[in-house]
Amino acid sequence: MTDLTRLTLAQARDGLKAKEFTSVELTQAHVDAVARAKSLNAYIVETPEKALDMAKASDAKLAKGEGGALEGLPLGIKDLYCTEGVQTTAASHILEGFIPQYESTVTSNLWRDGAVMLGKLNLDEFAMGSSNETSYFGPVVSPWRRKNSDAKIVPGGSSGGSSAAVAAHLCLGATATDTGGSIRQPAAFTGTVGIKPTYGRCSRWGIVAFASSLDQAGPIARTVRDAAIMLRSMAGHDVKDTTSVDAPVPDYEQAIGASVKGKVIGIPREYRLDGMSPEIAALWDQGVAWLKAAGAEIREISLPHTKHALPAYYIVAPAEASSNLARYDGIRYGLRKTGKDIVDLYEKTRAEGFGKEVRRRIMIGTYVLSAGYYDAYYLRAQKIRTLIKRDFDLAYESGVDAILTPATPSPAFAQGEKGSADPVEMYLNDVFTVTVNMAGLPGLVVPAGLSSDGLPLGLQLIGRPFEEETLFSLGEAIEQAAPKIVLPEPWWG
Amino acid sequence: MSVDLATVRRIAHLSRISVSEDEAPHLQNELNAILGFVEELNSVDVTGVEPMTSVLPMRMKKRVDEITDGYIQQKVLANAPAREDGFFVVPKVIE
């Protein structure tokens, strides 16, 4: 039998239906791959027994010709999603040992449709980071390597465990979350596909909150089709999240292979940054050429407020984080350090429980929300969001169907290479992705080529609100046109 | 705008995060780097612009106001670092 971890999620689904193999066999192959790949540090918790139990239950259903859209398919779950009875940490010391008594809505939807859980995937602490170096449980290593080098490459962040596990075939697909680029940047860094759907498409209930007006769940997978299959199961209205949208969930897989002839693709001139690497500029031009060849019409557009998105994000996100993370007080769950009184207990618990980047962002957020500064910072940033969104609205009103941009300003870097002296250096990774969160729009990243040193590069498609289907059609057109990029031989075991 | 050391200590206290004497100057530099980075937003004219509230204009759907759970004391307490007789235990707060 061929190695079952080499299959795409869609191939595995079809193979199970055709009874070519069982879910137990498929799951065991992935459990073994996960066990061999400890050097990547992609999983914080592995749940092989649970996985095999779920696989057995799926096999029973499949044998009767029953089962949901994801029946018997083993997935990895970002450790930001609460999973009943399985430790959930947000990669933070402050939540070490936390066992949720409930299941997040998105993961409930996956289990409803028959998916199998392999374990909980590593991430940047509280999803704050762009390289997965801020995890309390250690950095994740990308399965990718530079040509002629064994330097440890970052898998992107915050969903670095998700992207590394998907790229290294340690699951068929993974859940992820995206507040400023945390699905799309790791997907770009690892040659995988990631979609941040429109804000409100997936329920945020049971996902550890970072910045509530920006956070959105989505999948990372190895193909556009696989991402479409996963998103259909993840999405949907939920009474427990008032920001989730009560609109039917389309069968996104139907959008795969649909013609993109006549679609109007906007190319925003403000994304052509001063000093953009020639390699990234060439990749972008190549993407334009591919879509043109597929019949799309290319149009230059202007999104004039683009350059304000990243600074405005670094007000909105820390402000909301400082409020959301106030709940970690050492009383109800998680770490507790004793103090001479209750305030001392709080201060010691939070100083020890939160890592450096999280403490920094809570403090920035506290400052911009403190008396006298709210209007100057948070309120101003929310108004700038309106301007950013208006830029997109005008482009869409003029007939643009989707916007094509690079996903990241550079390929993945090595551990320790960025942000150690100046936090802003790391923040600049999200320059192309963060506008999408600020405007609440859907964004899809697809692999498009390799850098000169042999690392993956991605392109991003930004869509109209709730028109993820257009992104899947266009994304697949790029996927078909792009050269197939090949991962190095599995050096990780 | 930049923050001085006294402000760093005040923010730390408001955040309920203890900061050591050694750490404070580093934090001051980092916070000032971030505040410097966001300073350019002052150049944007936001006169008459409403703050963003939603991606598409829509009414927030409200759920029915009804009791949906209860009697889950053990679940609520299950992860508490200190509990006793069905209560969370905290240091004495009232003399």
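Predicted model: local features only at pLDDT ≥ 70, side-chain atom pairs only at ≥ 80, totals over all residues.
Figure 1. Leaving aside residues up to four places away in sequence, Ser322(A) touches Ile362(A), Gly365(A), Thr366(A) and Leu369(A). Ser322(A) belongs to helix H9 of chain A, which spans residues 309-324. The relative accessible area of Ser322(A) is 10%, so Ser322(A) is buried, the cut-off being under 20%.

**Figure 2. Domain 1 and domain 2 of chain A.** The domain assignment of chain A gives domain 1 as 8-254 + 405-458 and domain 2 as 306-380. Their C-alpha centres lie 26 Å apart. Domain 1 of chain A brings 27 residues to the contact, and domain 2 of chain A brings 27 residues. Between domain 1 and domain 2 of chain A, about 2,400 Å² is buried, with 70% of this area from carbon and sulfur atoms. Ile94(A), Met128(A) and Tyr427(A) account for 30% of the area that domain 1 of chain A buries against domain 2 of chain A, more than any other three residues.

**Figure 3. Polar contacts and helices where domain 1 of chain A touches domain 2 of chain A.** The count between domain 1 and domain 2 of chain A is 10 residue pairs in polar contact, both residues being at pLDDT 80 or more; the count of salt bridges between these domains is zero. On the side of domain 1 of chain A that touches domain 2 of chain A, helix H13 (423-427) and helix H14 (434-439) of chain A each supply at least two residues. H14(A) gives the largest share of that side, three residues. By class, this side of domain 1 of chain A has 16 nonpolar, nine polar and two charged residues.

**Figure 4. The interface of chain B and chain A.** Contact is made between 51 residues of chain B and 65 residues of chain A. The two chains bury about 5,200 Å² between them, and 71% of this area is on carbon and sulfur atoms.

**Figure 5. A salt bridge between Arg359(A) and Glu23(B).** The side chains of Arg359(A) and Glu23(B) form a salt bridge with an N to O distance of 3.3 Å. Across the interface of chain B and chain A there are four salt bridges, together with 18 residue pairs in polar contact, both residues at pLDDT 80 or more. Helix H1 (5-14) and helix H2 (23-38) of chain B are the elements that give two or more residues to the side of chain B that touches chain A. The largest share of that side comes from H2(B), with nine residues. By class, the side of chain B that touches chain A has 34 nonpolar, eight polar and nine charged residues.

How values were computed: Residues numbered from 1 in each chain as written. Chains lettered and ligands numbered in written order. Heavy atoms only, no water. Contact = heavy atoms within 4.5 Å. Buried area = accessible area lost by both parts, 1.4 Å probe. Polar contact = N/O pair within 3.5 Å; in protein donor to acceptor, adjacent residues only side chain to side chain. Helix = DSSP H or I, 4+ residues; strand = E, 2+ residues; numbered from the N terminus. Nonpolar A, V, L, I, M, F, W, Y, C, P; charged D, E, K, R; others polar. Buried < 20%, exposed > 50% of the residue type's maximum accessible area, 1.4 Å probe, protein only. Domains from an automatic or database assignment.
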